[in-house]
Amino acid sequence: MGGAKNFMLRLLLIAAVLAVWEVLVKITGVPEYILPAPSRIFYAMYNGIKSNVYPQHFFVTLTETLLGFLVGTILAFMLGTVVALSRRVEYFLYPFIVMFQAMPKVALAPLIIVWFGLGLTSKVINAALVAFFPLMVNTIVGLRSAEEDRINLMRSLAASRTQIFFMLQLPNALPYIFAGLEIAMIFALIGAIVAEFVGAERGLGMLIQSMNFNMDVAGQFSILLILSLLGLVLNGIVNLARRHLLFWETANTGEETANTSKKGGSV
Amino acid sequence: MSEMNRAAQAARMDSPSSTDVIAVDRLSLTYGGGASGVLALSDISFSIADGEFISIVGPSGCGKSTLLKILAGLLPPSEGQAKLNGTPIRGARRDIGVVFQTPVLFPWRTVLGNVLLPADVQGLDKEKMRKRAMDLVRLVGLEGFENRYPRELSGGMQQRVGIIRALIHDPAILLMDEPFGALDAMTRETMNVELQRIWMESGKTVLFITHSTSEAVYLADRVIVMTARPGKIGDVFKVDLPRPRPLDIMNTEAFGAYVKRIRVALNADGGLD
């Protein structure tokens, strides 16, 4: 696909969906506190920008997400590496990993708020917790995915374990690690928002909730739009880093690896 | 290889001598261990002289790849031992070059980077190795491709990289496990001619495992026939054909006679799969 013509068709389709939405809301007379028309959403967005309420909340959520992503993925990479390299560690950690992986991590949010308060810390911890598992699982799978012949080649050269790790297993795991990072980035955003729902003084998630109490549905939609744009940008940054570091992968095989290895478990 | 080596090699038979690079002595391998274990290799003994080209042919499952793994130090034998230049092979060592069935290149390394992998692992002098790698790249006609990545190369070119990677650290022996099995028939013939040339120019000792009787005869000084279940050494054929051998030597009567005798030996032992 692609090409200027298809791109125009895409824009046209989006415009058509918005138009139908607008007309349907007008015809059926659905009240704005149930489903606002697109024009009302854009108007709410315009008001929000004009009154300058978005930036402070936006940067709070962004900080929580990025810090949570960093903490979660660094810990996930370290633990994943230890588990991948040591069957012994895996054996003893396995019950904990399985239990935490099966649990919906967001269900911990209320506890985390109780333990760490309404501020930044609880949001970062929640985001880190949700971002942790997809990367840990992909790190383990990736580090173990080196072909037997490649391992045999390194062994036949009398390579040390450290050399096999840095010269073969780590570069070999990068496609899996990046697939994990992509999921972790979006999961971190989800973790931050959910924690804000449970209890926060600032942030886009908190803003959605306070608008909900005021029946400002158009305002909520405008924030959903901002959040999905934020998600797109964050995902794009990871993708850019991936393309830069995984120069040997063509776009196609990269996507295949990503699809086959996107098994990060639940949020 | 020097003339003296050739003369010595012509004079010798299968008895071990001081010029042997490889000496395999009553080697056996049992998978699984104990009384219920599966005997994969049984009582294997042979030796390879310096600069000699040996082919091993045998049916699938005769344990020829297992034998190669033992010689590469990747697998310990259950009984007996293999010696390389007089010292027993126990675990991986730095004076062995292995070429696998597939090229086994690292996609994140360039052609030159892949060729230099053994030098990087073994911490050899970078400048010297770079020059040597470029010489090897020229030897197999890959100049101009040294900065390309493996995915940009054809199957035959990739396997050439696999071969010169096994030569970069100047190993005492080159172990090749059906290296051309995955190539199409025409590329395979070209690679056979090329391998003969590389062998004659480098003077390396080569152990070459193959399924193909004619490939074995074309390349080897001696062809060892292995039989299956358990893997044993059958007949050994000395191939007295002049070098360098052109491809159309395969159409001569003498060549055909060797192939036929080896086929008969293989069939007597249950035949090729």
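In which loop of chain B does B:Pro244 lie? B:Pro244 is found in the loop between strand 10 and helix 9 (253-268) of chain B, where helices (H or I, at least four residues) and strands (E, at least two) are DSSP runs, numbered from the N terminus. The structure is a predicted model, in which local features need pLDDT of at least 70 and side-chain atom pairs count only at pLDDT 80 or more, while totals for chains, interfaces and linings use all residues. Residues are numbered from 1 along each chain as its sequence is written, and chains are lettered from A and ligands numbered from 1 in the order in which they are written.

For chain A, the pLDDT (the predictor's confidence in each residue, from 0 to 100) averages 91, and 93% of the residues score at least 70. Over residues 251-262 of chain A, however, the pLDDT is below 50, and beyond near neighbours in sequence this stretch has 13 contacts in the model, a contact being a pair of residues whose C-beta atoms, placed from the backbone, lie within 7 Å.

A residue is buried if 20 or more other C-beta atoms lie within 10 Å of its own, exposed if 12 or fewer, and partly exposed in between, with C-beta atoms placed from the backbone. When residues up to four places away in sequence are not counted, B:Leu71 touches B:Ile22, B:Ala82, B:Ile89, B:Leu175 and B:Leu207.

In chain B, helix 6 (residues 155-165) and helix 7 (residues 185-202) pack at an angle of about 25°, with their axes 11 Å apart; axes are lines fitted to C-alpha atoms, for helices over the stretch in contact, and angles run from 0 to 180 degrees between N-to-C directions. Helix 6 and helix 7 of chain B are therefore roughly parallel to each other, given that angles under 35 degrees count as roughly parallel, over 145 as roughly antiparallel, 65 to 115 as roughly perpendicular and the rest as oblique. At this pairing, B:Gly155, B:Gly156, B:Gln159 and B:Ile163 in helix 6 of chain B meet B:Thr187, B:Thr190, B:Met191 and B:Ile198 in helix 7 of chain B.

In chain A, the axes of helix 7 and helix 8 come within 11 Å and cross at roughly 135°, and the two helices of chain A are therefore oblique to each other. The contact is made by A:Arg150, A:Ile151 and A:Met154 of helix 7 of chain A and by A:Gln163, A:Ile164, A:Met167 and A:Leu168 of helix 8 of chain A. In the loop between helix 7 (148-156) and helix 8 (161-198) of chain A lies A:Ala158, which has a positive phi of about 65° although it is not a glycine. A:Ala158 is partly exposed, with 17 other C-beta atoms within 10 Å.

Most residues other than glycine have a negative phi, and most peptide bonds are trans. The peptide bond from B:Arg243 to B:Pro244 is cis, with omega near -10°. The bond from B:Arg229 to B:Pro230 is cis, with omega near -10°, and B:Pro230 lies in the loop between strand 9 (222-227) and strand 10 (232-238) of chain B.

Conventions
Contact = placed C-beta atoms within 7 Å.
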